[in-house]
Amino acid sequence: MNEPDDEDEIGPITNELMRRKRNAHRANKSHQQPQTTTVLPEVLSSSPPPELRTLEQHIPEPQSSEALSISPPPPEIRTPEQHTPEPRAPEEALRLFKLSSSPVRVSGTRVGVNASFTDAGSAIVCTVDKSLFCIGFWEMVKSSGRICLPRRSGKTYNLIQLLLFFSKASEESHLDAPDSAIEELGRSAEQIRQMDVATKCRLKRTLLFKDSLLKEKHRAFFDEHFMKHPVIHISFSVCKRTPAGVFLASLCDAIATAANNWLKEYPLIEGVKVENTNIYLQTLQETLAVYKGARYDAKEFASKYASLPMQLFISLSEFVGECIGKYILLIDEYDVPFIHSHLESWSDEKEKKEVQSSLKVLIQLMFKDNRYLRKGLLVGVFEVPLAELGSGANNIVDFPMVPFKNVTGDGSIVSATYKHSGKGLDALTDSFWFNTKEVEGLLEKSAIRFPQIAEHRDEVMAVIKDWYNGYHFGRFRGKYNPWSVCAFVECLCNQLESSEHGEIRSVPDAIRPAARAHWVATGTTDLIEEQFTNHCDQAICLMESLIREYRETRLGGLDHDLALSNSQAVSLQLPKPNMNIIGSGKYSTEGMLTLCLFAGYLTHKHPDSVCIPNHEVYNVWCTLFTRTLLGTGFVERTDVNARGSLLVELWEGKTAILSSFIMEAFGTLTNHAKYKEKHYANIVATVLTAASCLGALLHPDQAYSHVSHAVTTRENYTGDGQCDHLMRLYSTDNKPNQFGVLIEFKLIPREKRDNIRHHEALAKKALDQIIENRYPACLSGCTERVDIGIAIGSNVVHILTQLHKLDAATRKWKPVQLLTKSAN
């Protein structure tokens with residue numbers, strides 16, 4: 001930082017305080033470096049700042065490269081390694097230590113979604129050791145770093161872990177353990193009663209890291225840095241209020257919380273520099289007094305107090321830096337104020353610009369022009385283009401989700417055997433989400449209470465893998481959503497606990513209600529839905545591609561570990577990060593995919609392609625797809641969307657529900673005179689995909705299924721021609737792929753759209769074509785079928801059907817009036 005030439009850059013509030021502080025500082029410590037901490041940089045620079053650096057410089061050159069496209073060549077198929085689990089004794093020690101592809105330690109016996117890092121010392125609450133993140137952070141973040149990952153991936157957990165490991169302060173507000181827990185370290189109850197608060201807190205934190213992987217594997221690093229650094233921790237999670245004055249006040253609240261914590265903590269810290277402590281302490285206290293006395297509801301607040309967040313941080317930074325030493329700065333949910341100020345429609349555009357300018361200047365003060373900063377880390381969901389916004393923060397190293405092109409570990413996105421180094425980039429990136437061994441450790445701990453889980457371990461793991469796996473970070477693939485995994489295991493144990501009353505008979509019965517969407521319920525998709533609603537045609541096409549890709553790979557019978565490797569993932573050329581990706585009136589496929597990727601609703605298949613990660617998120621896409629295509633009102637209609645409603649109608653040769661689906665889609669999708677037969681055929685395929693997403697193509701007896709996964713095969717060559725659409729559904733006796741659906745289309749000319757007789761003739765012609773061209777030849781293995789002839793045009797559709805049943809004796813198709821078990 002540089003000393004200001006014009007004090008008005010700071011604002012009128014603290015000029016006198018700053019002048020008094022500088023004069024005293026020069027008089028008492030003239031031999032020290034000149035004070036250089038109060039400049040507020042220009043909000044916008046005259047030339048664009050350099051690009052944010054990435055981690056490519058830390059990665060060795062790949063041995064080979066492969067061009068990736070929307071249709072990558074299938075990789076070599078590897079036979080999955082056979083794994084025979086070792087016997088697990090229920091009476092094993094509470095601590096589990098395994099070394100495999102990743103160092104793993106799981107403690108406790110009771111899994112729950114509300115576990116935090118401060119539960120790490122508990123013998124009851126299950127926690128997964130992520131302490132290697134501390135050395136990964138120290139080694140990889142040379143100055144300032146940024147990690148952007150979806151919610152509930154472990155960002156706040158790891159940030160609190162950094163705080164409690166490095167901080168010299170007691171951090172009492174983050175410690176929940178009772179004083180009696182210190183007895184585990186050999187202290188008596190009487191000794192504990194005589195301890196001061198700071199000593200108790202230090203011992204509680206020692207207990208948190210007592211058996212950690214960090215202490216086990218890196219003892220020298222542990223002893224050198226444990227509780228040895230000042231740390232400023234600020235969370236911007238509350239910075240989402242309106243109007244502008246209240247929004248700025250929320251920024252001040254976040255910084256003031258950290259400042260008040262340090263005012264309480266500094267008298268208890270050893271090694272405080274006493275010279276000029278009172279000067280910086282007084283400055284901080286008086287700036288806080290200005291903050292407390294400000295009128296946040298005043299209309300002139302945004303202009304009068306726009307510099308107050310910066311003044312608060314400058315005062316806090318100088319107090320900690322001068323009195324204690326260079327500090328570590330941790331910012332949680334850094335992206336919240338940027339996104340909110342970008343999306344919010346404030347009545348006064350000038351106020352909005354002043355708020356955004358304050359944010360830019362604040363980030364520069366924190367990470368660019370900060371001589372007290374030892375290391376800094378920002379975590380959030382969305383990658384805000386800080387440098388491009390004019391913040392000047394071009395020294396921040398990004399740790400992106402994009403998979404490294406030179407990863408040599410075996411396996412697909414959902415399976416990997418990359419060797420973990422236990423430090424550096426490996427320790428940093430593997431500390432988010434769960435890996436397979438950590439999930440197995442949670443199940444092993446749960447099996448202490450419920451031994452039957454160990455008996456069905458492979459079955460339970462298969463369900464968890466299908467529902468919650470599929471993410472990755474850096475070199476590590478096969479990552480599980482930690483919130484959903486913990487919620488699933490907790491629900492599974494609750495179901496087994498209730499079995500004493502006869503409600504649940506076995507682990508397989510308990511799995512069904514436990515396997516559901518857990519993580520998606522912790523947030524909303526409002527922002528994504530708004531974009532899709534405003535750009536229906538493009539969004540529906542994109543969503544259908546993602547859903548079809550998932551069904552054809554993950555649900556198409558391929559081995560789970562090989563499915564994503566063989567997938568035709570949706571191509572993604574990552575755009576340069578910009579705030580227009582969210583809340584923009586213009587549609588961009590790349591921007592939309594990037595938004596969904598950061599939000600956790602997509603994962604990288606390759607560095608330049610994306611796909612749906614798992615079954616939990618797949619259900620979200622099905623919901624988004626049907627609401628966008630058919631509208632919320634139609635989706636909620638129980639008369640057309642009941643379980644198996646469309647399938648039962650097809651068994652009966654009726655067409656009312658199918659017609660309703662198609663006509664509802666006409667109200668959303670563009671259809672006009674220039675459309676040809678193939679365009680309308682695509683619309684019907686989209687409608688059938690939506691119907692299956694709603695469960696309308698489920699067999700009525702499939703009580704535990706929520707979504708049918710039928711895939712429409714388009715333009716299938718068979719017999720003597722090309723059938724427009726082909727589907728294989730459940731037969732009336734609930735046998736998969738034994739009910740064939742053949743669909744042929746005929747286009748209604750615009751001048752004939754009101755001629756019902758012509759519509760019927762075209763539909764009849766389509767039915768006849770199915771027989772004449774021997775399309776049923778492709779239905780090998782089917783015992784029932786329905787032929788559907790559709791005459792279709794702009795906002796008009798006419799459907800005819802004919803049912804058939806395969807004669808068991810002659811092996812020939814026989815027309816029937818109704819498909820029932822007794823039909824002949």
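This is a predicted model: local features need pLDDT of at least 70, side-chain atom pairs count only at pLDDT 80 or more; totals for chains, interfaces and linings use all residues.
**Helix contact**

Helix α17 spans residues 457-468, and helix α18 spans residues 482-497. Their axes come within 10 Å and cross at roughly 140°. The crossing of α17 past α18 is right-handed. On α17, the contact residues are V460, V463, I464 and Y468. On α18, they are S484, V485, F488, V489 and L492. By class, this contact has 8 nonpolar residues, 1 polar residue and no charged residues.

**Aromatic pairs**

The model has 22 aromatic pairs, counting rings whose centres lie within 6.5 Å. Two of them are set out here.

| Pair | Centre to centre | Angle between planes | Class |
|---|---|---|---|
| F166 and F221 | 6.5 Å | 90° | edge-to-face |
| F634 and F661 | 5.2 Å | 80° | edge-to-face |

F166 sits in helix α3 (residues 155-166) and F221 in helix α7 (residues 219-225), so their pair ties together parts 55 residues apart in sequence. Both F166 and F221 are buried.

F634 belongs to helix α25 (residues 632-635) and F661 to helix α28 (residues 656-666). This pair therefore ties together parts that are 27 residues apart in sequence. F634 is buried, with a relative accessible area of 4%. F661 also counts as buried, at 0% relative accessibility.

Ring pairs also build a cluster. Its members are F137, W138, F165, F166, F209, F221, F222 and F226.

Conventions. Residues are numbered from 1 along each chain as its sequence is written. Side-chain values use heavy atoms; hydrogens and water are left out. Axes are lines fitted to C-alpha atoms, for helices over the stretch in contact, and angles run from 0 to 180 degrees between N-to-C directions. Helices (H or I, at least four residues) and strands (E, at least two) are DSSP runs, numbered from the N terminus. A crossing is left-handed if the near helix is turned anticlockwise from the far one by less than a right angle, and right-handed if clockwise. Contact means heavy atoms within 4.5 Å. Ala, Val, Leu, Ile, Met, Phe, Trp, Tyr, Cys and Pro count as nonpolar, Asp, Glu, Lys and Arg as charged, and the others, Gly among them, as polar. Rings of Phe, Tyr and Trp (its six-membered ring) pair if their centres lie within 6.5 Å; planes under 30 degrees apart count as stacked, over 60 as edge-to-face and the rest as tilted. Buried means under 20% relative accessible area, exposed over 50%, partly exposed in between (1.4 Å probe, protein chains only).
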